[in-house]
Amino acid sequence: RTLPESGRGRRCPASLPFPLSLSSPPSLSLSWCRAPSVAMAGATGTIAHIMEGMVEDLEALVSKSLLSAEEGRAVAARRASHEHKLRRRVARRADYTRYVEYEKALNELLKKRRARLGLSDLKKTKADYSVTKHCAFVYERALRKFKDDQSLWRDYFAFLRATRSHKALQKALAKALALHPTSAGMWLYAAGFEYSVQGNAAAARKLLQRGLRMNGGSQRLWVESFAFELRYARGLRLRRETLGLSMPVDGGEEDPGRAALAEVLAGEAGARVVRNACDAEQSKVADKAALAAALAAKLGETRLGGEQPRAAAAVDAAL
């Protein structure tokens with residue numbers, strides 16, 4: 001393909017967008033812009049800009065011996081090919097999926113080579129994160145095209161979690177919840193991430209409460225919110241036992257702080273969720289009997305009824 005030159009009816013070969021020269025020996029010299037296999041002759045300005053942005057990182061990977069010069073050229077050619085496919089008139093998810101899978105495979109290859117060369121313990125540079133960053137960039141463009149595809153969002157979340165890109169994951173979850181506020185699964189994933197990975201129980205509880213305001217008719221959200229409160233109270237009890245702290249007695253404490261803690265340890269937070277779930281104003285679940293049975297099943301699954309009598313009493317009352 002050729003690009004039009006200024007002048008009516010005249011055309012000239014498209015110039016390749018970036019020269020590349022390494023300070024390494026001539027055997028490693030990469031002539032990206034001169035290699036016809038790079039397939040950049042018909043690149044649009046956007047593709048050219050993307051390809052230019054990866055030159056420095058690929059140079060660094062070659063200089064570290066994580067890629068050979070030939071492999072570096074192959075990576076550039078493959079990425080250029082994928083970029084052209086993303087410019088179809090009608091976008092196809094399969095093109096983005098293949099691109100992402102290629103970047104993931106490349107990332108795994110570099111990880112193994114880093115370990116083999118003994119570079120895993122060294123401080124990573126910008127180039128070491130370049131493949132992960134580029135993969136996320138492909139995911140973000142795919143989600144702009146297919147924002148309603150929840151399975152694609154979940155794939156992106158799994159990728160960010162696997163690469164420990166926690167800040168990026170928090171931003172992605174915020175975008176996903178804004179686009180899919182009625183998806184119970186999205187709210188549960190976000191709450192689970194905050195509690196299990198970030199260790200932020202307050203943020204997890206806040207997300208569950210927001211999810212319930214948006215999806216008051218979701219039996220799954222009510223049941224998982226109940227389970228969350230049971231696990232949280234159990235965690236508090238185990239922590240006090242580990243630290244050798246005395247356990248407050250429910251109903252037998254004069255100090256307001258210890259009295260409140262005793263209520264939490266006895267399952268008051270879980271009991272409150274059960275009462276709200278069965279309340280006609282708080283909950284929009286049509287089949288309250290099925291909801292009560294699901295709450296009872298969850299309590300039995302956790303085996304915390306004896307430890308948290310307030311929660312157990314609330315479930316019995318709901319049944």
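Ala, Val, Leu, Ile, Met, Phe, Trp, Tyr, Cys and Pro count here as nonpolar, Asp, Glu, Lys and Arg as charged, and the others, Gly among them, as polar. With that in hand, let us look at some close-ups of this predicted model.

**View A. The second largest pocket and its lining.** The space in the second largest pocket comes to about 400 Å³. It is lined by 18 residues, and Gln209, Glu229, Arg272, Val273 and Asn276 are the closest to its centre. Helices α8 (201–214), α9 (219–243), α10 (256–265) and α11 (268–277) each contribute at least two lining residues. By class, this lining holds eight nonpolar, four polar and six charged residues.

**View B. The largest pocket and its lining.** Here the space amounts to about 520 Å³. Of the 21 lining residues, look for Asn107, Tyr129, Thr132, Thr163 and Ser165, which are the closest to the centre of the pocket. At least two lining residues come from each of α3 (93–116), α4 (130–145) and α5 (150–162). The lining of this largest pocket is made up of eight nonpolar, five polar and eight charged residues.

View C. Leu179 belongs to helix α6, which spans residues 166–179. Is Leu179 buried, exposed or something in between, and what is its relative accessible area? Its relative accessible area is 42%, so Leu179 counts as partly exposed. Leaving aside residues up to four places away in sequence, Leu179 touches Lys147 and Trp153.

Note on methods: Residues are numbered from 1 along each chain as its sequence is written. This is a predicted model: local features need pLDDT of at least 70, side-chain atom pairs count only at pLDDT 80 or more; totals for chains, interfaces and linings use all residues. Side-chain values use heavy atoms; hydrogens and water are left out. On a 1 Å grid over the protein atoms alone, a cavity is a set of points where a 1.4 Å probe fits but cannot get out, and a pocket is an open set with protein on both sides within 12 Å along at least five of seven lines; lining residues have an atom within 4 Å of a point. Grid points are joined across faces, edges and corners, and a volume is the space filled by probe spheres set on the points. Helices (H or I, at least four residues) and strands (E, at least two) are DSSP runs, numbered from the N terminus. Buried means under 20% relative accessible area, exposed over 50%, partly exposed in between (1.4 Å probe, protein chains only). Contact means heavy atoms within 4.5 Å.
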